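This briefing goes through one structure by topic.

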Amino acid sequence: MREEIKNFSENDQNAAEIFRIKFIGSNGSVKSLMSEIKNVAPENKREMGKVLNDLKLLAESKHEEIKKSNGDQQLSAAKSIDLTLPGDALPMGGRHPISIVRNKIVSIFQRLGFAVAEGPEIEDDWHNFTALNLPENHPARDMQDTFYINENPVWLLRTHTSSVQVREMEKGVLPIRIICPGRVYRNETISARAHCFFNQVEGLYIAENVSFADLKQTLYFFVQEMFGKEIKIRFRPSYFPFTEPSAEMDISCLICGGKGCNVCKHTGWVEILGCGMVHPKVLENCGIDPKKYAGFAFGMGIERITMLKYQIKDLRIFSENDVRFLKQFTSAV
Ligand SMILES: [Zn+2]
């Protein structure tokens with residue numbers, strides 16, 4: 001028992017109490033050994049008493065030692081806390097893929113001197129339609145199924161960010177060189193390729209002597225910066241009420257390089273944006289003299305560019321907040 005007492009481990013936080021119960025408490029082994037003295041032969045009692053008393057003193061002094069050493073440990077633990085250390089790091093999030101691509105698009109056009117312009121998502125009929133050469137009953141209004149505000153049908157959720165362009169033109173400060181990123185709304189059936197809300201970036205450049213060649217070169221620079229120098233472009237004639245002539249622009253397929261695959265429907269080309277020269281009527285509506293000024297405009301869906309860039313097949317995933325998807329975009333750019 002002497003060995004056992006000497007070698008008792010002090011590491012446990014409650015070592016002193018465990019020791020007390022085991023050895024010197026009322027049911028402890030030292031105590032019970034002392035009660036055995038009555039069974040010892042009378043001539044040995046004196047010697048046995050001395051041995052047991054030594055054992056008791058040993059146990060008591062060990063108990064004191066454990067108490068002191070545990071106290072010191074707690075004190076030194078308190079002293080070792082360094083209050084100047086930085087706190088635990090919080091997990092870093094990443095940007096949403098739509099934000100990453102929007103920022104990239106914006107930075108490319110900023111290098112060409114375009115400034116960012118923003119406007120309200122709840123618009124009036126004039127800025128969203130009429131000023132853009134879509135008068136009431138114009139069939140082209142059917143192209144953009146619109147959410148109207150019941151209380152006041154003149155108000156609506158903007159169907160494109162062209163309304164921001166109108167607001168900028170109305171300010172009358174020329175030349176104008178802007179891009180307008182933002183969320184837009186259309187009353188469409190939600191599917192893998194369409195949603196009732198999505199993000200656009202539109203661009204507008206108005207100055208003297210602006211030509212279609214400027215439009216083409218600007219957009220060519222953009223797709224090369226966005227997708228790589230190997231990218232080819234082509235324009236197809238199209239129709240938009242607010243531009244004349246109008247075109248849709250395709251880029252060579254990123255997947256097959258133009259040979260033909262499922263993504264490009266075996267044509268080698270994928271459509272990425274609509275563009276054209278600003279219609280003289282639109283300039284007039286916004287108080288700009290179409291005889292003196294000309295301009296080009298273009299617009300693209302950020303979801304579409306993002307899907308092409310990251311090979312995403314279903315655009316509904318952008319608004320589902322699924323962390324398994326979002327975690328794959330940890331870039332902080
Ligand atoms: Zn392809």
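A residue is called buried under 20% relative accessible area, exposed over 50%, and partly exposed in between, using a 1.4 Å probe and protein chains only. Helices (H or I, at least four residues) and strands (E, at least two) are DSSP runs, numbered from the N terminus. By these terms, helix α10 (residues 302-310) has the buried residues I302, E303, I305, T306, M307 and L308.

The model is predicted: local features need pLDDT of at least 70, side-chain atom pairs count only at pLDDT 80 or more, and totals for chains, interfaces and linings use all residues. Residues are numbered from 1 along each chain as its sequence is written, and side-chain values use heavy atoms, with hydrogens and water left out.

**Zinc site**

- Donors are N, O and S atoms within 2.8 Å of the metal (3.2 Å for Na, K and Ca); water is not among the atoms, so sites may look incomplete.
- The zinc ion has the protein donors C253 (SG), C256 (SG), C261 (SG) and C264 (SG), at 2.2 to 2.3 Å.
- Along the sequence, these donor residues follow the spacing C-x2-C-x4-C-x2-C.
- Four donors count as tetrahedral if all angles lie between 85 and 135 degrees; the angles among the four donor atoms here are 106 to 115°, and the site of the zinc ion is tetrahedral.
- C253 is buried at a relative accessible area of 3%, and C256 is buried at 14%.

**Sheet**

- Strands of a sheet pair through backbone hydrogen bonds, either parallel or antiparallel.
- Two strands are taken as paired if DSSP finds at least two bridges between them.
- Seven strands make up an open sheet with mixed pairing, in the order β1-β4-β5-β9-β8-β7-β6.
- At the edges are β1 (115-116) and β6, each of which pairs on one side only.
- β6 pairs with β7 in the antiparallel sense over seven bridges, and P237 stands opposite A247 in β7.
- Strand β9 (residues 294-301) has six of its eight residues buried, so the rest of the structure largely encloses this strand.
- Strand β5 (residues 197-207) runs antiparallel to β9 and is joined to it by eight bridges; E202 stands opposite G299 in β9.
- Strand β8 (residues 269-278) also runs antiparallel to β9, with four bridges between them; G276 has A297 in β9 as its bridge partner.

- In helix α2 (residues 15-24), the buried residues are A15, A16, F19 and F23.
- Viewed down the axis of α2, these buried residues fall within an arc of 90°, so they line one face of the helix. The arc is that of the directions from the helix axis to the C-beta atoms.
- Contact means heavy atoms within 4.5 Å. The elements covering the buried residues of α2 include α1 (2-6), α3 (29-34) and α4 (45-79).
- For α10, the cover over the buried residues includes α5 (97-111), β5, α8 (212-227), β8 and β9.

**Salt bridges**

- A salt bridge is a side-chain nitrogen of Lys or Arg within 4 Å of a carboxyl oxygen of Asp or Glu. The whole structure holds 16 salt bridges.
- E60 and K56 form a salt bridge at 3.9 Å, N to O. Both residues lie in helix α4, four residues apart, about one turn of the helix.
- E60 is partly exposed, with a relative accessible area of 33%, and K56 is partly exposed at 32%.
- K229 and E225 form a salt bridge in which the closest N and O atoms are 3.1 Å apart. K229 is exposed at 53% relative accessibility, whereas E225 is partly exposed at 23%.
- E248 and R236 form a salt bridge at 4.0 Å, N to O. E248 lies in strand β7 (residues 243-252) and R236 in strand β6 (residues 233-240), so the pair ties together parts twelve residues apart in sequence.
- E248 is buried at a relative accessible area of 16%, whereas R236 is partly exposed at 28%.

Definitions and conventions: Four donors count as tetrahedral if all angles lie between 85 and 135 degrees; four count as square planar and six as octahedral if opposite donors are over 155 degrees apart and all others between 65 and 115; anything else is irregular.
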